[in-house]
Amino acid sequence: MGFAQLSRGRSRRALALALCVWSLISLSCAARLTDSSRQQLDVQKHLNRLNKPAVKSIKSPDGDIIDCVHISQQPAFDHPYLKDHKIQMRPNYHPEGLFNDNKILYPFGEQGRMIILRASSVKAYGRKKQRSIPKSADPDLANESGHQHAIVYVNGDKYYGAKATINVWEPKIQQPNEFSLSQLWILGGSFGEDLNSIEAGWQVSPDLYGDNNTRLFTYWTSDAYQATGCYNLLCSGFIQINSEIAMGASISPVSGLRGSQYDISILVWKDPKEGHWWMQFGNDYVLGYWPSFLFSYLADSASMIEWGGEVVNSEADGQHTSTQMGSGRFPEEGFGKASYFRNIQVVDSSNNLKAPKGLGTFTEQSNCYDVQTGSNGDWGHYFYYGGPGKNPNCP
């Protein structure tokens with residue numbers, strides 16, 4: 001499974017096109033808005049903060065342009081609390097034993113230059129819309145945010161991390177402003193205004209990346225997706241220490257219907273000594289960490305872990321979206337057709353990986369996207385999930 005490092009998400013030619021589109025938008029806005037110049041100034045200031053001078057540029061096999069900057073110049077260190085932060089090059093403790101040190105050359109590209117041009121404002125840049133379903137607390141709550149899920153979860157204890165092996169597909173997206181993702185969530189707080197969330201997995205998001213590739217991603221928020229947090233490295237927060245795996249890079253190959261199946265393993269855990277939340281990809285790549293001070297509830301522990309899929313249902317034509325979740329097939333179709341999570345685990349207070357106890361499931365509309373759990377000796381706790389969205393039973 002190949003990855004670039006950290007990608008811009010488009011080729012240089014596509015980048016030039018994006019900048020031309022921005023020029024046209026600027027002119028049209030100037031004709032309608034008296035404060036457009038202030039908006040453009042805010043955008044330019046944000047771009048200046050993000051676009052660090054590259055020490056090296058690389059073109060990946062899938063066409064992404066990767067810019068590398070010094071590790072100390074990454075966006076995380078624009079955060080006022082990180083001005084004097086000493087980079088931690090490896091966690092003190094690990095749930096699965098020792099691991100090899102990694103070479104450090106920090107990659108950061110002009111992905112931000114393009115994404116901000118498609119955002120409604122600087123404040124909305126690189127952020128999810130607010131999520132409003134407190135699952136186990138009120139599973140019948142209507143889907144107010146336009147996001148739909150098919151997830152498995154545990155709560156009722158203190159959790160210090162989670163792991164999963166996630167089947168990788170390339171779901172079809174109906175509208176450019178919709179996405180489909182498969183991920184794990186580390187959660188603390190409530191689903192109102194103070195939710196803390198750390199998220200990692202794969203996603204297809206044309207609006208964010210400018211294409212329909214399946215890409216590795218992370219996300220974080222400390223206030224229920226309102227004013228804090230972002231995808232990947234599009235704001236100060238996550239500190240990357242690895243130069244071999246790129247945040248936002250394309251995943252290849254992906255699974256095929258009745259064909260070869262591919263999956264990725266992701267582990268997120270809290271270092272018992274420093275308290276930072278670390279992320280590992282596969283068995284060998286520790287990618288970096290979210291400093292504990294970014295969070296309130298997660299500064300101590302998580303109160304809920306979730307695994308599963310999420311899509312945006314914009315109902316652009318007044319009907320349910322046909323954006324697929326997972327493989328686009330329902331769980332009952334099983335291996336080779338439906339997408340899966342396997343070997344899902346949680347990290348306990350002793351920093352050990354354990355099988356989750358008391359798993360629950362949730363989906364807003366099971367006739368659009370559904371989830372089914374199981375367990376066996378090879379896959380441990382697992383589940384199939386997903387669906388096609390719009391269909392005769394999901395109008």
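Which hand does the disulfide of Cys368 and Cys394 have, right or left? I found a torsion of about 95 degrees about the S-S bond, so the disulfide is right-handed. A reminder to myself before going on: this is a predicted model.

**Entry 1: the disulfides**

I stayed with Cys368 and Cys394 for a moment. Their sulfur atoms are 1.9 Å apart, and the two form a disulfide. Then I looked up the accessibility of both ends. Cys368 has a relative accessible area of 0% and is buried. Cys394, at 1%, is buried too.

How many disulfides does the count come to? I get two. The other link I looked up joins Cys230 to Cys235, with an S to S distance of 2.1 Å. Its torsion about the S-S bond is -85 degrees, and the link of Cys230 and Cys235 is left-handed. Both Cys230 and Cys235 are buried. With the bonded cysteines numbered in sequence order, I wrote the pairing down as 1-2, 3-4. I also checked Cys68, which counts as buried at 0% relative accessibility.

**Entry 2: aromatic rings**

Next I went through the rings. The structure holds 17 aromatic pairs. I picked out Phe335 and Tyr340: the ring centres are 6.0 Å apart and the planes stand at 25 degrees, so this pair is stacked. Tyr340 is buried, with a relative accessible area of 2%.

How are the rings of Phe341 and Tyr385 arranged, stacked or edge-to-face? Their centres lie 5.3 Å apart and their planes are at 70 degrees, so I noted the pair as edge-to-face. Phe341 sits in strand E14 (residues 339-347) and Tyr385 in strand E18 (residues 380-386), so the contact ties together parts 44 residues apart in sequence. Phe341 is buried at 0% relative accessible area, and Tyr385 is buried at 0% as well.

I also marked one aromatic cluster, formed by Phe335, Tyr340, Trp379, Tyr382 and Tyr384.

**Entry 3: strand E18 and its partners**

E18 kept turning up, and I followed its pairings. E14 and E18 pair in the antiparallel sense over three bridges. Phe341 has Phe383 as its bridge partner in E18. On to E17: seven bridges join E17 to E18, and these strands run antiparallel. Gly374 stands opposite Tyr382 in E18. A hairpin of three residues joins E17 to E18.

Why do I call E18 largely enclosed by the rest of the structure? Five of its seven residues are buried, so the description holds.

**Entry 4: the open sheet**

Here I traced the strand order. An open sheet of seven strands reads E8-E7-E6-E5-E13-E3-E16, and its pairing is antiparallel. Strand E8 (230-231) and E16 are the edge strands, each pairing on one side only. At the E16 end, strand E3 (residues 147-159) pairs with E16 in the antiparallel sense over four bridges. Within that pairing, Ile151 has Phe362 of E16 as its bridge partner.

**Entry 5: the cores and Trp290**

Last stop, the nonpolar residues. How many residues does the largest nonpolar core have? I read off 67, and those with the most contacts inside it are Ile186, Ile266, Met279, Trp290 and Trp307. Another core, of 15 residues, lies apart from it and includes Ile71, Ala76, Leu82 and Ile239.

I took a second look at Trp290. Trp290 is found in strand E12 (residues 285-290) and is buried, with a relative accessible area of 0%. Leaving aside neighbours within four places in sequence, I listed the residues in contact with Trp290; among them are Ile198, Thr218, Trp220, Phe238, His276, Met279 and Phe295.

Note on methods:
Residues numbered from 1 in each chain as written. Predicted model: local features only at pLDDT ≥ 70, side-chain atom pairs only at ≥ 80, totals over all residues. Heavy atoms only, no water. Core = buried A, V, L, I, M, F, W, Y, C linked by side-chain atoms within 4.5 Å. Buried < 20%, exposed > 50% of the residue type's maximum accessible area, 1.4 Å probe, protein only. Phe/Tyr/Trp six-rings, centres within 6.5 Å; stacked < 30°, edge-to-face > 60°. Helix = DSSP H or I, 4+ residues; strand = E, 2+ residues; numbered from the N terminus. Disulfide = S-S within 2.5 Å. Contact = heavy atoms within 4.5 Å. Pairing = 2+ DSSP bridges.
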